[in-house]
Amino acid sequence: RNYNAVRCDRLDGNGGSAILLHSSIPYRIIDFEDLYNDEYQICGVTIDLNNKKISIVSIYVAPTYVISQNVWQSIVSRLHTDIIIGGDFNARSPVW
């Protein structure tokens with residue numbers, strides 16, 4: 001209630017990524033539709049914050065997948081603003 005949800009659901013309907021925005025915040029959805037698949041889901045919005053455009057991107061990556069550099073470049077190349085990227089990357093490192 002009082003929030004808008006921008007979602008990118010998995011194609012099989014089991015999960016995805018989302019961004020919740022208070023209904024008082026105007027936004028524009030960033031089109032990542034050509035990147036939809038079951039290995040990762042990406043949704044994004046652009047908002048105005050103090051007269052500055054900011055893009056917010058939410059990403060979910062399946063535990064069995066690693067996003068390629070080409071996908072990261074495709075995401076960032078669409079954004080001509082400051083960027084906040086968050087999500088569940090299921091990242092792993094032997095150091096952890």
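Author: Strand 4 and strand 5 run antiparallel, joined by 10 bridges. Strands (E, at least two residues) and helices (H or I, at least four) are DSSP runs, numbered from the N terminus. Two strands pair if DSSP finds at least two bridges between them.

Reader: Which residue in strand 5 is the bridge partner of T46?

Author: S55. In strand 6, S55 has I83 as its bridge partner.

Reader: How do strand 5 and strand 6 run, parallel or antiparallel?

Author: Parallel, with seven bridges; strand 6 covers residues 82-88.

Reader: Before I go on, what's the source?

Author: This is a predicted model: local features need pLDDT of at least 70, side-chain atom pairs count only at pLDDT 80 or more, and totals for chains, interfaces and linings use all residues. Residues are numbered from 1 along each chain as its sequence is written, and side-chain values use heavy atoms, leaving out hydrogens and water.

Reader: OK. What is the strand order in the open sheet?

Author: 3-4-5-6, with mixed pairing. Strand 3 (27-30) and strand 6 each have a single partner strand, so one side of each lacks a neighbour in the sheet.

Reader: New topic. Which residues does Y40 touch?

Author: L35, Y60, V61, Y65, I67 and V71, not counting residues up to four places away in sequence. Contact means heavy atoms within 4.5 Å.

Reader: And what unit do strand 5, helix 1 and strand 6 make?

Author: A right-handed β-α-β unit. Right-handed means that, with the strands pointing away from the viewer, the path from the first strand over the helix to the second runs clockwise.
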